[in-house]
Amino acid sequence: MALRNFMDKIKPTFSEGGKLSFLASTFDAFDTFLFVPNTTTVKGAHIRDCNDMKRTMIMVVLALMPAMLFGMYNIGYQHSLSIGVTQGVWADFWFGFLKVLPIIVVSYVVGLGIEFGFAQSRGHEVNEGFLVTGLLIPMIMPVDIPLWMVAVATAFAVIFGKEVFGGTGMNVFNPALVARAFIFFAYTPSISGEKVWVAGLTAANGKGIVDGFSGATALEHLAQPGATDMGFSPMDAFLGFIPGCVGETSTLAILIGAVILLGAGIASWRTMVSVFVGGLAMGYLFELTGVIAYPAWWHLIIGGFAFGAVFMATDPVTSAQTNTGKYIVGFMTGAIAVLIRVVNPAYPEGMMLAILFMNAFAPLVDYFVVEANIKRRNNRVKLVK
């Protein structure tokens with residue numbers, strides 16, 4: 001293959017003793033991204049497989065594509081609704097694509113730039129984790145988020161959310177959610193729901209907007225005291241034809257991604273299912289006690305609940321490692337998300353805080369699960385004796 005031959009030809013330049021040896025980590029990152037590494041283990045028990053970490057990350061990116069592509073279309077669709085025109089599917093998609101592309105570019109340029117810098121300074125290989133994080137960050141942002149905020153939040157997430165812990169695989173918190181949390185606490189109005197999440201529609205720019213179009217999200221409607229209507233039909237909410245963050249609106253597209261992840265054996269169904277069960281349980285508790293006047297299951301199809309359950313809570317690094325722990329952490333994540341949504345009307349979306357909170361407690365949950373298993377086994381030994 002011509003590309004393989006070209007990479008082999010320039011490799012000595014980046015190897016030890018070459019003119020650009022100081023860029024060895026950068027070259028290795030591109031080489032292993034394009035081709036499976038030809039290195040193998042020589043001792044110890046290891047699984048030999050062509051699916052390395054980069055290939056796994058690419059599968060996650062593919063799973064994100066349905067939600068991403070629909071999100072781009074929905075951005076254009078919501079814009080068309082706001083001005084009362086019908087532009088067509090491709091025109092709406094192109095409009096959304098041009099709005100989202102700069103966010104993706106900023107996320108990858110800033111994040112990968114920092115990743116490459118840390119790898120070069122340490123003389124390590126470039127970690128693969130940002131292949132996914134770089135796409136997750138734009139997908140959990142409003143389309144009208146200022147690009148400089150995305151850049152600052154991405155830098156904060158990579159440096160303080162991952163690199164200070166040792167890089168990919170060592171971080172305690174999900175880096176993409178760290179970026180969102182940074183914007184939420186530093187620039188609250190831009191991501192809390194106070195501003196309308198429709199491209200070209202802001203409180204200061206309402207000219208040309210058709211009557212009756214508010215652009216408010218479903219969560220904003222339900223956050224009102226005594227709310228019984230989310231402002232959209234449940235079917236529109238499930239399909240994704242509602243305002244919201246780029247990749248979070250379509251539960252259907254997210255579930256397609258879930259099937260890809262589960263089919264590839266990448267995500268844990270235990271965590272995924274438990275998040276939905278926990279959210280339903282807490283929602284029905286509020287419904288039965290009269291705290292809310294709308295169906296509890298609506299929480300599962302609006303906001304970032306489904307996206308968080310499928311792509312965030314199942315992060316193998318920051319979630320629980322034991323099977324029992326996955327059930328516990330997943331259930332608590334869903335329950336806490338709905339609890340925050342209902343109890344704190346000032347912050348309609350609770351999924352981000354719920355996942356970050358359980359990221360912190362996941363190691364503790366695993367610890368008690370392991371200790372309980374050890375205790376049970378010791379008791380069995382005593383009974384045998």
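Visitor: Are E349 and R341 buried or exposed?
Guide: This is a predicted model, in which local features need pLDDT of at least 70, side-chain atom pairs count only at pLDDT 80 or more, and totals for chains, interfaces and linings use all residues. Residues are numbered from 1 along each chain as its sequence is written, and side-chain values use heavy atoms, leaving out hydrogens and water. Buried means under 20% relative accessible area, exposed over 50%, and partly exposed in between (1.4 Å probe, protein chains only). By that rule, E349 and R341 are both buried.

Visitor: What is the N to O distance in the salt bridge of E349 and R341?
Guide: A salt bridge is a side-chain nitrogen of Lys or Arg within 4 Å of a carboxyl oxygen of Asp or Glu. For the side chains of E349 and R341, the N to O distance is 2.9 Å.

Visitor: How many residues apart in sequence are the parts tied together by E115 and K162?
Guide: The side chains of E115 and K162 form a salt bridge at 2.4 Å, N to O. Helices are DSSP runs (H or I, at least four residues), numbered from the N terminus. E115 lies in helix α4 (residues 89-122) and K162 in the loop between α6 (147-161) and α7 (175-186), so the parts that the pair ties together are apart in sequence by 47 residues.

Visitor: What is the relative accessible area of A313?
Guide: A313 is found in the loop between α12 (305-312) and α13 (323-343). Contact means heavy atoms within 4.5 Å; leaving out residues up to four places away in sequence, A313 touches T271, V275, G308, S319 and I355. A313 is buried, and its relative accessible area is 6%.

Methods
Helix = DSSP H or I, 4+ residues; strand = E, 2+ residues; numbered from the N terminus.
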